[in-house]
Amino acid sequence: MSSTEIQNLGEEPCFRLEHLPGKSPHLAGKASPQVNSRWDAPQVTANGVHDIEDRILRITGYYGYNPGYSSHRREEGSESHAETPVSETSGDGTAYQTCANTVLKVLGGLLVVLCVSSSWVGTTQVVQLTFKSFSCPFFITWFSTNWNILSFPLYYSGHVATTREKQTPIQKFRECSRLFGEDGMSLKVFLKRTAPFSILWTLTNYLYLLALRKLTATDVSALYCCHKAFVFLLSWIVLKDRFMGVRIVAAIMAITGIVMMAYADGFHGDSFMGVALAVGSASTSALYKVLFKMFLGSANLGEAAHFFSTMGFFNLIFISCVPLILYFTRVEHWGSLSSLPWGYLCGVAGLWLVFNILVNVGVVLTYPILISIGTLLSVPGNAAIDVLKHEVIFSVVRLAATCIICLGFLLLLLPEEWDTVTLRFLTTLADKKTEEHGEELTESSVHTRSRSRANGAVSIPLA
């Protein structure tokens with residue numbers, strides 16, 4: 001406060017006489033005399049509340065009081081209150097829309113997770129049912145891979161149904177062919193780019209089916225989850241990806257689970273061979289994904305559908321000779337075509353195609369981490385079916401190995417900046433608690449100070 005304000009406060013009394021409501025100090029019919037401005041009451045509004053507040057603040061010298069402070073603050077508050085609804089409405093609308101989109105994306109992701117897990121569990125279980133009457137794993141692999149040809153036609157049908165600017169199939173095919181380079185698809189590119197991936201694809205599925213002849217569906221699906229650890233190791237070595245200690249731990253856990261799974265029945269017999277086949281399937285799958293990332297990069301939904309159809313054509317044209325060779329050499333022999341279990345074969349191929357489509361569509365529509373979780377959920381799904389339907393009894397070692405592999409798989413799903421994000425979250429949480437504690441102390445001190453000052457100011461009404 002300035003020296004003038006201090007002197008004025010010193011000359012004024014500590015209390016003032018006020019008139020009781022309804023009683024006027026002047027006689028009726030006579031003009032009121034002019035009062036000195038020093039003792040003149042300030043302008044009173046309709047309710048007269050802010051005059052009393054101004055007097056109390058001026059007498060007590062509350063926080064550098066300025067005349068009209070309370071009235072100005074009230075007017076500003078009313079103006080801001082009048083302007084608030086529009087901004088709050090727009091802000092609330094945007095926040096509501098964002099929240100709704102996030103909820104829909106999460107719910108769609110959960111639905112995709114359920115479908116991915118169900119399709120993979122169904123594929124594994126139907127393959128084992130097929131083996132009871134038709135034990136030809138390479139023929140099943142070849143027949144199922146041919147169904148990948150339907151990927152691009154299904155994608156184009158969805159494109160026509162959901163977009164206004166429609167393209168012809170040839171135009172869309174050429175647009176999606178940019179995955180192989182600016183020149184598009186040619187015979188040289190077809191053989192150079194498609195052949196290695198088609199071979200790895202066939203080898204992965206063939207080894208997976210061979211493992212299902214030796215082990216239960218639960219063991220094979222758990223061992224196949226190790227492909228995530230192999231992808232990390234190959235990406236770290238070949239692609240020079242960022243080193244992460246937690247993923248090294250996850251890879252060690254995966255290897256530990258593999259060794260425990262092989263040790264469950266001793267390092268001999270069908271069990272050990274089944275573990276080796278399942279690990280081989282996971283390894284070729286990891287090599288397929290790393291090479292795809294190295295040579296082709298990332299692909300959108302149309303490019304992925306184009307690539308799957310291209311692999312289906314390559315499988316139909318160039319790999320069809322292998323089932324014939326296996327047939328004539330009696331490695332995989334079957335009777336007449338009419339005796340084949342076409343229902344089971346079509347079921348396996350259809351579920352496999354649905355699984356591949358859901359994986360690629362789910363990455364576009366929802367969060368990629370949910371797709372990986374869907375693959376992991378196939379382990380408890382297969383375990384439930386093995387226990388309830390096939391009455392399989394799992395040993396303690398196998399259960400421990402399965403849990404270790406699944407835990408390592410979950411660790412591999414952590415993002416690269418998980419440690420920084422976690423530390424930032426914990427720091428923000430600690431700062432927020434400190435601020436709340438400081439605000440509580442400030443509010444308590446302010447209330448105490450205001451009560452003491454209010455008790456020092458007395459107003460005596462005039463009777």
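These are my notebook entries on a predicted protein model.

**Ground rules**

I am working with a predicted model, where local features need pLDDT of at least 70, side-chain atom pairs count only at pLDDT 80 or more, and totals for chains, interfaces and linings use all residues. Residues are numbered from 1 along each chain as its sequence is written, and side-chain values use heavy atoms, with hydrogens and water left out.

**Entry: the whole chain**

I looked up the secondary structure first. The protein chain has 18 helices and two strands. Helices (H or I, at least four residues) and strands (E, at least two) are DSSP runs, numbered from the N terminus.

Next I checked burial. Of the 463 residues, 36% count as buried. Buried means under 20% relative accessible area, exposed over 50%, and partly exposed in between (1.4 Å probe, protein chains only).

The chain exposes about 27500 Å², and carbon and sulfur atoms supply 65% of that area. Accessible areas come from the Shrake-Rupley method with a 1.4 Å probe; for residues, only the protein chains shown count as cover.

I then looked at contacts (heavy atoms within 4.5 Å). Among those between residues at least 6 apart in sequence, 80% join residues at least 24 apart.

**Entry: the cores**

In soluble globular proteins, nonpolar side chains tend to be buried together. I searched for nonpolar cores, meaning sets of buried Ala, Val, Leu, Ile, Met, Phe, Trp, Tyr and Cys residues joined through side-chain atoms within 4.5 Å.

The largest nonpolar core has 63 residues. Those with the most contacts inside it are Phe134, Phe139, Leu209, Leu223 and Val275. Helix 7 gives the largest share of this core, eight residues. A second, separate core has 12 residues, including Phe180, Phe292, Leu296 and Phe308.

I followed up Phe134. Leaving aside neighbours within four places in sequence, Phe134 is in contact with Phe139, Ile140, Trp334, Leu340, Pro341 and Leu345.

**Entry: Val348 and Thr130**

Val348 is found in helix 14. Thr130 lies in helix 3 (residues 69–131). Val348 counts as buried because its relative accessibility is 1%. Thr130 is buried too, at 0%.

I listed their contacts, leaving aside neighbours within four places in sequence. Val348 is in contact with Thr123, Val126, Val127, Thr130, Ile140 and Ser144. Thr130 is in contact with Ile140, Pro341, Tyr344, Leu345 and Val348.

**Entry: Cys176**

Cys176 lies in helix 6 (residues 169–176). Its relative accessible area is 3%, so Cys176 is buried. Cys176 and Phe307 are 131 residues apart in sequence and 8.7 Å apart in space, C-alpha to C-alpha. Not counting residues up to four places away in sequence, Cys176 touches Phe152, Tyr155, Gly302, Glu303 and His306.

**Entry: pocket and cavity**

I used a 1 Å grid over the protein atoms alone. A cavity is a set of points where a 1.4 Å probe fits but cannot get out, and a pocket is an open set with protein on both sides within 12 Å along at least five of seven lines. Lining residues have an atom within 4 Å of a point. Grid points are joined across faces, edges and corners, and a volume is the space filled by probe spheres set on the points.

The largest pocket has a volume of about 1700 Å³. It is lined by 47 residues, and Lys228, Lys289, Val359, Val363 and Ser372 lie nearest its centre. Among the elements that give two or more residues to this lining are helix 9 (227–237), helix 11 (269–295) and helix 15 (368–376). The lining has 27 nonpolar, 13 polar and seven charged residues. Ala, Val, Leu, Ile, Met, Phe, Trp, Tyr, Cys and Pro count as nonpolar, Asp, Glu, Lys and Arg as charged, and the others, Gly among them, as polar.

How many cavities of 30 Å³ or more are there? The count comes to one. The largest cavity is lined by Ser144, Thr145, Asn148, Trp201, Asn205, Trp352 and Asn356. By class, that lining has two nonpolar, five polar and no charged residues.

**Entry: positive phi**

Most residues other than glycine have a negative phi. Arg330 has a positive phi of about 65° although it is not a glycine. Arg330 is in the loop between helix 13 (321–328) and helix 14. Phi of Glu391 is near 55°, also positive. Glu391 is in the loop between helix 16 (378–388) and helix 17. Arg330 counts as exposed at 60% relative accessibility, and Glu391 counts as exposed at 66%.
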